[in-house]
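Hello,

Here is the structure I promised to pass on. Please open it first, then read the notes below.

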Amino acid sequence: MADTPLSPKLIEETLQEILDMKDEEQLALCEHKYFGRKDGWMTVEMKKIKDLPAEERKEKAKGLNTFKSKILEAIAARREQLSAPDADVLQKETVDFSLNLPKREQGHLHLVHEFIAQVEEVFGRMGFDVMYSTEVESEDLNFTQLNFPVNHPSRDAQDTFWIKGTTGKERKLLRTHTSPGQIRYMRSHKPPFRAVFPGKVYRKDADATHSPMFHQFEGLMIGEHITLANMKAIMVTAIRELISKDAEFRFRTGFFPFVEPGLEVDVRWRSEEQQTKEGTWLEIVGCGMVHPNVLKNCNIDPEKWQGFAFGFGIDRMVMIRHQIPSIRSLFPGDLRFLKQF
Ligand code: DAH
């Protein structure tokens, strides 16, 4: 090493030396030569600083440090070059994994499930929780806790699929609506809350607008100052976002034992066949202010808390949205039908 260690020539030679290293092993030796803990060149030079006259120390240290960073940088760069795979080798060892197969058809969510995902998204944005309630339900939660009188006609075997071999308080059925989800939710959460419960429901019913299995989503919002006006705002938002922003709808009074007052909402529907000007009104949702008895059944004080509930018919909304004339087209899984959407 030269006596004037930091001449430009020395720097240049050192950097060149590093570039000349042919493999990682040589480079490691070179690194050791400069930075070895005992007798590395840089280590020795650094140690010498303290013996210099005070006025020279600062200058010397600064020069050495700059040089040190240059060497370290050069070593790192060279190490990266040496460890990178050779272009020739890469070329030779490349494997082409692609295979020219005929194009496969891509699947997609069923219209109903796509719709449910959207329900969760739209209500999620409005702060609603999502819960999936059980399909095999007790008579108690499906009817009694929802304030249905004991002799209410819908408890009749005519409408309900009962589960064989269950009796008394344990009597079970396939839920006829998603409303028992309200009871389960209210019993496991403290108000205020808002939630939706999408899922399958079952009734002995079959024609162009009814199917023995269909889909609903229930909703519930309870707080200290929730009114019918809040409910209307949520209903209108849901209809515009989930059916169409131009959907025509009307509110009517309706009766459901678990709400008071109760309302129904119809949406105007013109299927392609019946392009009459008026079309028909199709009922898509029942709703209302939760009945005080239902709140009491869930240990919620109706003097303090109130709110609304609603139950939308999903399949009908999908029919209106996609102009599908019969609910029965939705369920056989016929690809010729499903592929159109
Ligand atoms: N469960 C009712 C049905 O299936 C729909 C319904 C009406 C749900 C009013 C509600 C409601 O939550 O408030 O016909």
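**Around the ligand**

The ligand has 15 residues around it, and those that come nearest are H177, S179, R203, Q216 and E218. Keep in mind that this is a predicted model.

By class, the shell around the ligand holds 6 nonpolar, 7 polar and 2 charged residues.

S179 places a polar side-chain atom 2.9 Å from a nitrogen atom of the ligand. Q216 also uses a polar side-chain atom, 2.9 Å from an oxygen atom of the ligand. With F310 the backbone takes part: one of its polar backbone atoms is 3.2 Å from a ligand oxygen atom.

How much of the ligand does the protein bury? Taken alone, the ligand exposes 360 Å², and the protein buries 90% of that.

Where does the ligand sit? Look in the largest pocket. Strand 5 (213–223), strand 8 (280–290) and strand 9 (306–313) are the elements that each give two or more residues to the shell around the ligand.

Seven of them form an open sheet with mixed pairing, in the order 1-4-5-9-8-7-6. Its edge strands are strand 1 (129–130) and strand 6 (249–253), and each pairs on one side only.

Strand 4 (residues 193–202) and strand 5 run antiparallel, joined by 10 bridges.

Over to you.

Best wishes

Definitions and conventions: Residues are numbered from 1 along each chain as its sequence is written. This is a predicted model: local features need pLDDT of at least 70, side-chain atom pairs count only at pLDDT 80 or more; totals for chains, interfaces and linings use all residues. Side-chain values use heavy atoms; hydrogens and water are left out. A residue is near a molecule or strand if one of its heavy atoms lies within 4 Å of it. A polar contact is a pair of N or O atoms within 3.5 Å; within protein, one must be able to donate a hydrogen and the other to accept it, and residues adjacent in sequence count only if both atoms are side-chain atoms. Accessible areas come from the Shrake-Rupley method with a 1.4 Å probe; for residues, only the protein chains shown count as cover. On a 1 Å grid over the protein atoms alone, a cavity is a set of points where a 1.4 Å probe fits but cannot get out, and a pocket is an open set with protein on both sides within 12 Å along at least five of seven lines; lining residues have an atom within 4 Å of a point. A molecule sits in a cavity or pocket if more than half of its atoms lie within 2 Å of its grid points. Helices (H or I, at least four residues) and strands (E, at least two) are DSSP runs, numbered from the N terminus. Ala, Val, Leu, Ile, Met, Phe, Trp, Tyr, Cys and Pro count as nonpolar, Asp, Glu, Lys and Arg as charged, and the others, Gly among them, as polar. Two strands pair if DSSP finds at least two bridges between them.
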